[in-house]
Amino acid sequence: MKIPDRLAELLGRNQEFDGLVKSAIARIEPWITNSRLPFFPEYTDHGIEHLELVLATASSLIRDQAWSVFTPADSAVIILSILFHDCAMHLTEDGFVALLNIPWRDRSIEDMKDRAWHIEWEDFLGEASRFDGRKLNSLFGDLTPVRPPPSNPSEWTNKDRLLIGEFLRRHHPRLAQEIVSFGVPGPDSAVQLTVADLSATPLLSLAGLVARSHGAPIRRFLPVLERRYGSGGHRACRNVHVTFLMVLVRVADYLQVQAERAPQQVLAVKSLTSPASQREWRAHSSILDIRQTTEDPEALHIEARPPDVEIFFKVRDWIRGIQGELDDSWAVLGEVYGRYSELAPLGIVLRRIRSNTDDIEAISATLKFIPKRAAFRAADADLLKLLIGPLYGDNPSIGMRELIQNAVDAVRELNVLLNDRGLTRADLPFEASAADVVASVEKDGSGQHWATVSDVGLGMTADVIVNYFLTAGASFRRSEDWRKSFETSEGKSKVLRAGRFGIGALAAFLLGNEIHVTTRHVDSLEGISFSATVETEFVELKKCNRSIGTSVRIPLNSDIAQRLSKAIEEDWDYSNRQIVQVDENDNLNDVPELDPNDSSNDVEVLNITPDYSEIDEPGLSDWDWYCLATPSLSRSFLGAQIDQRYSLGELDADMRWKRMDHNYYDGIFWSYEEGPPLACNGIIIPSHDDQAWRDEWGLICPNIHVRDPDGHFPLNLQRSDLQTKKVPFSHELAIDVARSFCAFALMKTPLEIASLQPAIADLHELDAPHIPMQGRIHTSQWFFASDGISFLHPDLFRAAGCRTLVIARIAKNSGQYSYLSRPLLPGLGYLVMDQTLTLARLDLWIRELSDLPFGFSSYERYAGRWRRAHSLLGQFNRIGTRILLTKNALNRYEKVKTAKNAWRLVNTIEWESNGWVLVQVGNCDAESFPFREFADASSPVNITDTLSECYFDVESKPILRKVVAEQWRMIFGQPLLPFAANERQKLHCAVEEILKPYFAAINI
């Protein structure tokens, strides 16, 4: 890389600096020269020639009197910073994959407060998933929604690469600094091209900071320099004038708009698919000349000939951007150096940018187009009306939800504002209110129904009403004014806001054709009132007297009033679903023979939760969107109070709710206690189905409440569900739930079990809420051996040294079998079940042990779900089973039409003895459990009792619930929790630190 003469001469005065720069160039230049720019295939030149131009421009920007202050260290840092400032754009595919996998702490730079790369990437993907049509077309040239790129780079499409390129473009200044400090990420997370070992000089750190500075306002970095290098560090540190170098890099880089960066001969052999790239190349190609003029030596004149109006305004915006950089740069230079005579010479030769595009009237005569901005800007009233129904599904109660959540946000905003000002609500003029937010439906004297939502919140100013409340899609909570008041210096929201998309006012028109609003902002001495329909052309804002807060009233359409009234008066009604449940107390003599071809005989035998998605919910739950106690909400209908189903208090203080920290959120709370299945910032997400999470992890999904002040949670536009099939913190939640289960096991599983007799009683009610039960069976989550107990999972079962699994399905009141009191046999795993069998349940149990089809049509409807989530042995690869059952039960069972044909094909009767029959299904090894001893010693007491021994393929690899087994082994370090009390206590002490956060909830 060619270094300008004056910089090279200065650098040569210090051999250490000269060696550092040349060594860095020798390492980095081949990488950049040979780079394929895999994520920027259509970008203008960013190779060595570009770096040389930027460096030459930077050198030429230094005014003559500044060279007397410029030092060899300055020369080294400016060269290094320009060498690295765009290097992140040359990252390889393997380098990008490695970047996302490198632990954050291994690349954390002091004072920069950066988030981990994988979190930045996930955040970007969330944003990209919501790119509108204009953004998609600009970046990719099509309107196909963005999907996350595959994990394997060989499967990446051109669109995947462009998406990654957009991510790197946004963050390349930060990555440049990290590459200076840590090296270039390479394959398998290895670091390549490390330059930090070249010298112990701190110049590398300064060069990294200067390289990063071209991507953000300079003033952001001045406090960093002060913190690192003390008072005055922003002027000079280590004999480096860092602020001046930051100005040089950003202005020199901005000035590279000449046509040479987009040569036409390249376009002749290359087709650009991205409209953004096409615009970039055409814009560069439109620059005819860049020159200084004798009339104004501090000005630079740019001559352009834009081919169309789009490029005209792009070039014009470029030029204005350069002028803005010059203005800001001179302001910073004056602020940092102007008061110090010895440093005052530090400045650049340019102050102004001039262009033939400045005079639109003059240039118009030379153009074939009219240089005037024109675009579709706003929808008319009819289009807004068309949007309302499809957007919200024509559900009037959503109008209430949107108004309620906006009111809750306003209360929270006021609370934050008062806290920041050191005030309380007692310091402000409020009228008495039943709650922070009051939502009601009432009828006036004329019979007109009105929906009203009032709050004692922040209130609105006239500007907020005009620019945000009345403008669909314009969210005040995304505005700069809002951020100044309610975001921290790090850009984090201080308000737990529920509203997000700026379309809440539209939803109000689901209730009626007109809205009546009165409001008063906390800083206003008077209020504002107005009424409007979608068609209102001029909304008159009137002054009024009222207390702080907002009230929105809507006259309900007659059909809407009837629908809401019906929702209040009616309870949920599932009676239209034809499910006949077999009574648990039915015995074999009372259960009729069932015909699988008769749909009227569908039987729910396992207490599987029916799928009510086919039923039209009447809407009562839609009145109950809110689930927190604070801010408080009061709801009423025609004077009758409507209680919230859930009114959760402070979750941080409620030991029944476990808090899980996450970089994206202010807290994720989960519990198996009473609560909505999923809520965000107090608003219930009603349509979310946790089946995907259960299917993936084999765990019951707990009730989840996400505290999301910054709006990261991927809600759909209707706020009725997620944009994804599962929560974005799915894996972290599964680990947390698995650890809670381990804590439950350690505290609740019994001690001193020596035989099957006490196990039947001790495990009867031991049902952990984390794991799906088989029907109503509590004990199906556990197996035990002669010296301990564990979670029923193949990995733990094998690790415990168990050869086969003995299942005693014996009613709790049938414990008269003397054999059950004999000591447990070593090498066997045991499982006890205590459910009395009906004929239908016996049929299902035998089918489970035999791995047969279910038979009944209702079984088949739930077969896939049942086997995944409820199947006792679904994760084991069984090769055979022995079943000991009573002769009477077998005779009756074989008469069932749905059972006899399939059953007789797979079973072999080994022997009969003392009223018992031993049946073999599949390939069985020699008996480990002495069935004949049991049969000879035990006459049948209950004809539904069974004993089974299952034989497994020990090499099978389970998938479901693996996270539980992994956490179990990691935490306990052994497959079994010992029965011996002293050993259990030792284990408790050893794991207390990791499980302590989970013990409190289990003790409640």
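Tutor: Here is the sheet, then its helices, then the nonpolar cores. Keep in mind that this is a predicted model.

The sheet is open and has eight strands. Their order is β10-β9-β8-β11-β7-β6-β14-β15, with mixed pairing. From one strand to the next, the twist averages 20°.

In general, strands of a sheet pair through backbone hydrogen bonds, whether parallel or antiparallel.

Now the helices. Helix α17 (residues 396-421) packs on the sheet. It touches β6 (437-443), β7 (449-455), β11 (549-555) and β14. The direction of α17 makes about 20° with that of β7. Helix α18 (residues 462-469) lies across β8 (515-520) and β9 (527-532). Its run is at about 30° to β9.

Last, the cores. The largest nonpolar core has 112 residues. Phe 70, Ile 79, Phe 96, Phe 244 and Leu 248 touch the most other members. Helix α14 (residues 309-337) gives the largest share of this core, eleven residues. Take Leu 248: beyond its neighbours within four places in sequence, it contacts Ala 58, Leu 61, Ile 62, Phe 70, Ile 78 and Ile 348. A second core is separate and has 103 residues, including Ile 704, Leu 792, Cys 802 and Leu 885.

Technical notes: Residues numbered from 1 in each chain as written. Predicted model: local features only at pLDDT ≥ 70, side-chain atom pairs only at ≥ 80, totals over all residues. Heavy atoms only, no water. Pairing = 2+ DSSP bridges. Helix = DSSP H or I, 4+ residues; strand = E, 2+ residues; numbered from the N terminus. Axes fitted to C-alpha atoms, helices over the stretch in contact; angles between N-to-C directions. Contact = heavy atoms within 4.5 Å. Core = buried A, V, L, I, M, F, W, Y, C linked by side-chain atoms within 4.5 Å. Buried < 20%, exposed > 50% of the residue type's maximum accessible area, 1.4 Å probe, protein only.
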